[in-house]
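Dear colleague,

I am passing on the structure we spoke about, and my notes on it follow below. Please read them with the model open beside you.

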Amino acid sequence: MSAGIPFLKGHGTENDFVLLPDLDAALDLTPDRVRALCDRQRGLGADGVLRVVRPGGWFMDYRNADGSVAEMCGNGARVFARYLVDAGLESASGFVLGTRAGPRPVEVHPDGDVTVHMGPVSLLGSSAATVSTVDYLGVAVGVGNPHLVCVLDGGLEELDLTVPPGHDVTLFPNGVNVEFAVPDGPDRVRMRVHERGVGETRSCGTGTVAVAAAVLGGTGKLTVDVPGGTVQVTIDEHGSTLTGPAVFVARGELDPAWWNSV
């Protein structure tokens, strides 16, 4: 019987991932296999797949649950970085990950939290999201991937995010992550998110940075509460950082027969 395919299951503030160590990029990770892995009935269940490859340096090959490729994932980067340290593949607490949005320095802290340097944040103008026939004014934000942040006065829990919010397809031709946020004091905000290619998730790392940028309107620090926990976001003249937990819950092997059948 052929050897199984190693995997780990982890999450960052309950944004969950299947992590596949594949340093030599030997796996044929097709969109069908990604969809099957992320399916919560026929697979392991996850919001996305993190493939660990090393084509000269660490690269986070991230795929959404629908099999599509994504530029960047802040929660995924924390899980990816902690895996490298836990597995003994990185001895330093600080190193650089490659992503489709560019290099991202990371720092793995002794308490298990991880800080990801998320790069520059761009406020790109006004737009709107539509939920249940209601339009919500928002601001387009670039964090290596596209976001639309709608800041509300209240009613966060009542929003129906079971279907993708409507958006301007001219402004967002490749889809968009849509965040809804309610400020909770001068340095704290609550949010929910519908991620493109996934659906509503318990957290979105780049989304928390986008929300902080929209709420702050400039530089500063913000505590962001998501359904899956709490993270800290800092935006300054050099870019942005995201700090939060990275947790592993399981590891094992995928059955080769299952893999080959997908």
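Does His194 count as buried or exposed, and at what relative accessibility? His194 counts as buried because its relative accessibility is 6%, where buried means under 20% relative accessible area, exposed over 50% and partly exposed in between, with a 1.4 Å probe and protein chains only. This residue is found in strand β12 (residues 188–195); helices (H or I, at least four residues) and strands (E, at least two) are DSSP runs, numbered from the N terminus. Leaving aside residues up to four places away in sequence, His194 touches Leu161, Val163, Pro164, Pro165, Val176, Asn177, Val178, Gly199 and Glu200, contact meaning heavy atoms within 4.5 Å.

Please keep in mind that this is a predicted model, in which local features need pLDDT of at least 70 and side-chain atom pairs count only at pLDDT 80 or more, while totals for chains, interfaces and linings use all residues. Residues are numbered from 1 along each chain as its sequence is written, and side-chain values use heavy atoms, with hydrogens and water left out.

The largest nonpolar core has 47 residues, of which Met60, Leu84, Leu97 and Val233 touch the most other members; such a core is a set of buried Ala, Val, Leu, Ile, Met, Phe, Trp, Tyr and Cys residues joined through side-chain atoms within 4.5 Å. Helix α2 (residues 74–86) gives the most to this core, contributing six residues. Not counting residues up to four places away in sequence, the contacts of Leu97 include Trp58, Ala77, Phe80, Ala81, Leu84 and Val106. Trp58 also has Arg54 lying over its face, at 4.4 Å from the ring centre, the criterion being that NZ of Lys or CZ of Arg is within 6 Å of the ring centre and within 35 degrees of the ring normal.

In helix α1 (residues 31–38), the buried residues are Arg33, Val34, Ala36, Leu37 and Cys38, and their cover includes β2 (15–21), β3 (48–53), β4 (59–64), β17 (247–254) and α4 (256–261).

A search of the whole structure finds zero disulfides, a disulfide being a pair of cysteine sulfur atoms within 2.5 Å. The sulfur of Cys38 is too far for a bond because the closest cysteine sulfur, in Cys73, is 11 Å away. Cys204 is likewise in no disulfide, and the nearest cysteine sulfur, again that of Cys73, is 6.8 Å away.

The structure holds two aromatic pairs, where rings of Phe, Tyr and Trp (its six-membered ring) pair if their centres lie within 6.5 Å, and planes under 30 degrees apart count as stacked, over 60 as edge-to-face and the rest as tilted. Phe17 and Tyr62 have ring centres 5.9 Å apart and planes at 75 degrees, so this pair is edge-to-face; it links strand β2 to strand β4, with the two residues 45 apart in the chain. The rings of Tyr136 and Phe180, with centres 5.7 Å apart and planes at 80 degrees, are also edge-to-face.

Strand β7 (residues 113–117) runs antiparallel to strand β6 (residues 102–108), to which three bridges join it, and DSSP must find at least two bridges between two strands for them to pair. Val106 stands opposite Val116 in β7, and in the hairpin, which has four residues between the strands, Gly112 takes a positive phi near 95 degrees. Five bridges join β7 to strand β16 (residues 239–245), again antiparallel, and here His117 stands opposite Thr241.

With best regards
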